[in-house]
Amino acid sequence: MNKINVAIEESWKNLLFNEFQSDYFNKLKEFLVEEKKLYKIYPPGNKIFAAFEHTPFDDVKVVILGQDPYHGEKQANGLCFSVSDGIKQPPSLVNIFKEIESDLGLKMSDSGNLEKWAKQGVLLLNATLTVRANQAGSHQNKGWELFTDNVIRTLSENKKELVFILWGSYAQAKAKIIDVSKHHILKSVHPSPLSVYRGFFGCKHFSKTNEILKSLGKEPINWQL
């Protein structure tokens with residue numbers, strides 16, 4: 001693990017111990033070490049597991065699933081759909097903020113950094129945790145999906161009454177590894193400009209999530225940034 005300069009929060013480290021010892025994860029580490037010799041990789045090594053650092057296992061209330069990290073310079077910060085402070089918001093994130101404003105009447109800040117959500121129990125998990133600079137999807141099918149699918153299974157099996165937010169067909173396919181008898185699933189098309197008008201705008205997932213949390217006696221998420 002040290003070779004690719006990553007860290008993971010203690011509760012997750014214990015739960016996912018077997019993953020880190022597995023053959024597929026060792027091959028993934030070897031792949032990343034070689035990639036770093038030849039290419040720029042995003043996010044930076046110390047942010048690869050940022051979603052887990054900001055949202056310990058016991059704190060998870062909501063899970064938002066993304067696909068790939070952003071592949072532009074300084075964009076990816078280890079949280080799906082999020083960018084670091086001072087970085088222009090990508091179109092999908094702009095559309096997420098538009099829906100929040102429509103749904104809840106909250107005007108978003110200029111920052112696209114979603115750490116505030118993560119610290120309230122929103123696990124912002126990409127299926128693939130790294131990407132080669134300027135090459136979308138370049139680290140798919142290298143082992144990350146096995147890892148993150150097992151993260152989803154671990155959450156599904158060991159927690160109850162989570163809200164899983166699945167945007168787009170890729171995320172929705174993960175529903176098959178979630179126990180729907182124990183958890184709540186909200187689905188819509190992806191917030192990408194290509195699909196946003198086919199059902200993302202007006203999905204009201206942010207107010208619906210908070211209604212579910214309140215019905216369970218849990219603190220709702222403050223979506224305001």
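Tutor: The expected span of a helix is 1.5 Å times one less than its number of residues. Helices (H or I, at least four residues) and strands (E, at least two) are DSSP runs, numbered from the N terminus. The model is predicted, so local features need pLDDT of at least 70 and side-chain atom pairs pLDDT of 80 or more, whereas totals for chains, interfaces and linings use all residues. Residues are numbered from 1 along each chain as its sequence is written, and side-chain values use heavy atoms, without hydrogens or water.

Let us begin with helix α5. This helix covers residues 91–104, and its 14 residues should span 20 Å at 1.5 Å a residue; the C-alpha atoms at its ends are 20 Å apart, which agrees. Its buried residues (under 20% relative accessible area with a 1.4 Å probe, protein chains only) are Ser92, Leu93, Asn95, Ile96, Phe97, Glu99, Ile100 and Asp103. Among the elements that cover these buried residues of α5 are α6 (115–118), β5 and α9 (205–215). Just beyond α5 comes glycine 105, which takes a positive phi of about 75 degrees.

β5 (residues 163–167) pairs with β2 in the parallel sense over 4 bridges, where pairing requires at least two DSSP bridges between two strands. Within that pairing, leucine 65 stands opposite leucine 166 of β5. Strand β2 is also joined to β3 (residues 122–126) by 5 bridges, and these two strands run parallel. Here glycine 66 stands opposite asparagine 126 in β3. Strand β2 itself, residues 62–66, is mostly covered, with 5 of its 5 residues buried. Both of its faces are covered: Val62, Ile64 and Gly66 are buried on one side, while Val63 and Leu65 are buried on the other.

α7 runs over residues 144–158; its 15 residues should span 21 Å at 1.5 Å a residue, and its end C-alpha atoms are 21 Å apart, which agrees. The helix is mostly covered, since 11 of its 15 residues are buried. Trp144 and Phe147 are among the buried residues of α7, as are Val151, Ile152 and Leu155.

Trp144 and Phe147 also belong to a cluster linked by ring pairs, together with Trp12, Phe20, Tyr24, Phe25, Phe49, Phe52 and Phe57. The structure holds 21 aromatic pairs; Phe, Tyr and Trp rings (for Trp, the six-membered one) pair with centres within 6.5 Å, and planes under 30 degrees apart are stacked, over 60 edge-to-face, the rest tilted. The rings of phenylalanine 20 and phenylalanine 49 have centres 6.2 Å apart and planes at 85 degrees, so this pair is edge-to-face. Because phenylalanine 20 lies in helix α2 (residues 17–21) and phenylalanine 49 in the loop between β1 (41–42) and α4 (50–54), the pair ties together parts that are 29 residues apart in sequence. Both phenylalanine 20 and phenylalanine 49 are buried. Phenylalanine 49 also forms a tilted pair with phenylalanine 52, at 5.9 Å centre to centre and 55 degrees between the planes. Phenylalanine 52 is buried, as is phenylalanine 49.

Finally, a word on confidence. The protein chain has a mean pLDDT (the predictor's confidence in each residue, from 0 to 100) of 94, and 97% of its residues reach 70 or more. Over residues 1–6, by contrast, pLDDT stays under 50.

Definitions and conventions. Buried means under 20% relative accessible area, exposed over 50%, partly exposed in between (1.4 Å probe, protein chains only). Contact means heavy atoms within 4.5 Å.
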